[in-house]
Amino acid sequence: MTFDPVFDFFLPDRRQGKALAYPLIRSASVKDIIESLGVPHTEVGVIRFNGQEIDFAFVPDAPGILHIHGIDAPFDVGSPSLLRPEPLGRVRFIADVNVLKLGRLLILLGFDVTGSSTFTDDQIADMAESESRIVLTRDTTLLKRRKIVFARRIRANLPYDQVAEVVDFFGLRGQTAFFSRCTRCNQPLKPVAKTDILQRLEPRTKKYYTDFYQCPECLKIFWKGSHYEAMTETFTSLGLFPGKE
Ligand SMILES: [Zn+2]
C-alpha cells in the first residue's frame, strides 16, 4: 500500500514515501488498516484498491494495491464523497483543549466554534456527531474515532498560523465576519444602544466610542477599541480581513 506524501506527517521516517506491505492476517477494514499505521481516517480523501475507489468499511480479502490519498484543499465539507456521503449543511467547529486559542480566534472571525477545557474526548466525538461539527485538534488519536467524520489535525504551532491553516484548508477566505460573535459564548453579538449600557462603561470608553454590541447570553459589552484595531491589523496581514459584507 502507498500513502500520498501529505501523510508523511503521520508516518515514521522509515515508512515515508515507500510502498508498505500489509499482511492480510485478519479481516480488518481499510479504516483499521490505515489507522494501525498511524493515519487517522479523517485525513483521508480517497482510497483506491486495485484502482477502484472504496470506502472505509471495505475489507481487502485478496492481495492487492491500496493507495491512500489525502484531502485536497480547499476541502468542501458541503459536497458529498464516497468516504463522507453526508455533507455538512454549514461550517461549524469544535476545538479540542489543545487548540482553544485557535478556537477563540476563529470565533473572532465570526465562525461558530464550541470548545472548553472540560470537554472529554467522548464528549467531543459525541458533539461532532450530534451537532455536525468539524473537530480541530492536535491529538491524532482522538481523530481515529468513528463518530468524527470531519476534522483537521492542526499542523501549525502558533495560533495565528493555525487560523490561516484552517481557513485555507476549508476554503473559508472571504467568509470571515470579524467581531460578530462573543468569544466567551460563541453567540452572535447584537448592537446595543449606548444609552442602555451607559452605567457599565468606563469614563474613557463612554467619551470616545459610540457603537456597542452585546452578547445575548453573558451580556458582555464589546466595542471597537484599541484591541480591535490591533486585531484588525493582524488579521489584515494574514489576508483574513476584511471578510464578507
Ligand atoms: Zn457571551
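Colleague: In what order do the three strands of the open sheet come?

Modeller: The order is β9-β10-β11, and the pairing is antiparallel. Two strands pair if DSSP finds at least two bridges between them; strands (E, at least two residues) and helices (H or I, at least four) are DSSP runs, numbered from the N terminus. β9 and β11 (221-223) are the edge strands, each pairing on one side only. Ignoring direction, neighbouring strands here are turned by 45 degrees against each other on average, where axes are lines fitted to C-alpha atoms (for helices, over the stretch in contact) and angles run from 0 to 180 degrees between N-to-C directions. Keep in mind that this is a predicted model: local features need pLDDT of at least 70, side-chain atom pairs count only at pLDDT 80 or more, and totals for chains, interfaces and linings use all residues. Residues are numbered from 1 along each chain as its sequence is written, and side-chain values use heavy atoms, with hydrogens and water left out.

Colleague: Which residue of β11 does Y213 stand opposite?

Modeller: F222. The strands β10 (residues 212-214) and β11 are joined by three bridges in the antiparallel sense.

Colleague: On to the metal. Which residues are the protein donors of the zinc ion?

Modeller: Donors are N, O and S atoms within 2.8 Å of the metal (3.2 Å for Na, K and Ca); water is not among the atoms, and sites may look incomplete. Here the SG atoms of C182, C185, C215 and C218 lie 2.3 Å from the zinc ion. Along the chain, the donors follow the spacing C-x2-C-x29-C-x2-C.

Colleague: Why is the arrangement of the four donor atoms called tetrahedral?

Modeller: Ideal angles are 109.5 degrees for four tetrahedral donors. The working rule asks that all angles lie between 85 and 135 degrees; four donors count as square planar and six as octahedral if opposite donors are over 155 degrees apart and all others between 65 and 115, and anything else is irregular. Around this zinc ion the angles are 103 to 114 degrees, which makes the arrangement tetrahedral.

Colleague: Is C182 buried or exposed?

Modeller: Buried means under 20% relative accessible area, exposed over 50%, and partly exposed in between (1.4 Å probe, protein chains only). C182 has a relative accessible area of 0%, which puts this cysteine in the buried class.

Colleague: How do I read a strand, say β7: which residues point which way?

Modeller: In a regular strand the side chains alternate between the two faces of the sheet. In β7, I134 and L136 point one way, V135 and T137 the other, and all are buried. β7 runs parallel to β5, with three bridges between them, and F93 sits opposite I134. β7 also pairs with β8 in the parallel sense, again over three bridges, where V135 has A151 as its bridge partner.

Colleague: How many residues are in the largest nonpolar core?

Modeller: A nonpolar core is a set of buried Ala, Val, Leu, Ile, Met, Phe, Trp, Tyr and Cys residues joined through side-chain atoms within 4.5 Å. The largest one has 36 residues, and F93, L106, L136 and F170 have the most contacts inside it. β5, α2, β7, α4 and α7 each give two or more residues to this core, with α2 giving the most, five residues. A second, separate core has 20 residues, including F3, L11, L20 and L37.

Colleague: What do the buried residues of α4 pack against?

Modeller: Contact means heavy atoms within 4.5 Å. The buried residues of α4 pack against β5 (92-95), α2 (100-108), β7 (134-137) and β8 (151-153). Among the buried residues of this helix (159-169) are V163, V166 and F169. After α4 comes G171, with a positive phi near 60 degrees.

Colleague: Where is F179 found, and what is its phi?

Modeller: Most residues other than glycine have a negative phi, and most peptide bonds are trans. F179 has a positive phi, near 70 degrees, and lies in the loop between α4 and β9 (190-192). F179 is buried, at 12% relative accessible area. S132 also has a positive phi, near 50 degrees, in the loop between α3 (121-130) and β7; S132 is partly exposed at 35%.
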